[in-house]
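Subject: Structure for you to look at

Hello,

Here is the structure I promised. Please open it and keep it beside this note while you read.

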Amino acid sequence: MRDRCQRLWETDLSGVLTDPFSLFVICLDELWLQAQDVVRAVGGEFNKMERTALDLATFSTESDADSRHDFVGLHNIAKHIIYLKENSEAASMTMSHLQTFHQKLLNHPPQGHDAMPTMQMTSQMLAQKAVQFEVWKLRMTSLEQRMQNIINLVNTL
């Protein structure tokens, strides 16, 4: 993020001065990128546990299966999924409020100079970020459901 802000400082600040909401786009994009890295990491660990649980479902006795399940690991992954889902919902709500407020500004642009093109571009970028955050929410809902399915499977073994 520091590099992006530095590049912005070195190029043209007129867009930021015209519509400071464009800075939110940079922050939101960085949040999205970091969130995707975390979701990928948690998803990767979950995939390993899911594969193990499915493989252990083929055991014929409870003692064989129980001795190999990583219940603490399942708990920790479930906890991380809950936190990530909460974060995705909070980011999505924040995004919605930013868009609403920016739309109000767009409906009544500042007098004296032509801010509309810059403000419209910012509005489009905010809309793109909103879609990304909705995708993040959907991914977390899916991962949460898959986690619940594995927990149910492990509990029935």
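Which residues does Ile77 touch, not counting residues up to four places away in sequence? The list is Val42, Glu45, Phe46, Met49 and Met147. Please bear in mind that this is a predicted model.

**Overall layout**

The chain has six helices and zero strands. From the N terminus, the order reads α-α-α-α-α-α. There are 157 residues, and 33% of them are buried. Take the contacts between residues at least 6 apart in sequence: 81% of these join residues at least 24 apart.

**The core**

The largest nonpolar core has 27 residues. Ile77 is among the members that touch the most others, along with Ile81, Met95, Phe133, Trp136, Met140 and Met147. Helices α3 (21-56), α5 and α6 (116-156) each supply at least two residues of this core. The biggest contribution comes from α3, which gives 10 residues. As a general point, nonpolar side chains in soluble globular proteins tend to be buried together.

**How α3 packs**

Start with α3 and α5. Their axes are 11 Å apart, and the packing angle is about 160°. Angles over 145 degrees count as roughly antiparallel, so α3 and α5 are roughly antiparallel to each other. Their crossing is left-handed. On the α3 side, the contact includes Phe21, Phe24, Leu28, Leu31, Val42 and Phe46. On the α5 side, Ile77, Ile81, Leu84, Ala91 and Met95 are among the residues involved. By type, the residues of this contact divide into 18 nonpolar, three polar and one charged.

Now α3 and α6. Here the axes are 10 Å apart and the angle is about 15°. Angles under 35 degrees count as roughly parallel, so α3 and α6 are roughly parallel to each other. This crossing, too, is left-handed. The residues of the contact of α3 with α6 comprise 22 nonpolar, six polar and five charged.

Is Lys85 buried or exposed? Its relative accessibility is 17%. The cut-off for buried is under 20%, so Lys85 counts as buried. Leaving aside neighbours within four places in sequence, Lys85 is in contact with Met140, Thr141 and Glu144.

*Ser88.* Helix α5 (residues 71-107) also holds Ser88. Its relative accessible area is 0%, so Ser88 is buried. Not counting residues up to four places away in sequence, Ser88 touches Trp136, Lys137 and Met140. How far is Ser88 from Val135, C-alpha to C-alpha? The separation is 9.2 Å, although Ser88 and Val135 are 47 residues apart along the chain.

*Ala91.* This one is in helix α5 as well. Ala91 has 8% relative accessibility, so it counts as buried. Beyond residues up to four places away in sequence, Ala91 touches Leu31, Phe133 and Trp136.

Trp136 is touched by Ser88 and by Ala91. Met140 is touched by Ser88 and by Lys85. Both Trp136 and Met140 are also on the list of core residues that touch the most other members.

Best wishes

Note on methods. Residues numbered from 1 in each chain as written. Predicted model: local features only at pLDDT ≥ 70, side-chain atom pairs only at ≥ 80, totals over all residues. Heavy atoms only, no water. Helix = DSSP H or I, 4+ residues; strand = E, 2+ residues; numbered from the N terminus. Buried < 20%, exposed > 50% of the residue type's maximum accessible area, 1.4 Å probe, protein only. Contact = heavy atoms within 4.5 Å. Core = buried A, V, L, I, M, F, W, Y, C linked by side-chain atoms within 4.5 Å. Axes fitted to C-alpha atoms, helices over the stretch in contact; angles between N-to-C directions. Parallel < 35°, antiparallel > 145°, perpendicular 65-115°, else oblique. Left-handed = near helix turned anticlockwise from the far one by under 90°. Nonpolar A, V, L, I, M, F, W, Y, C, P; charged D, E, K, R; others polar.
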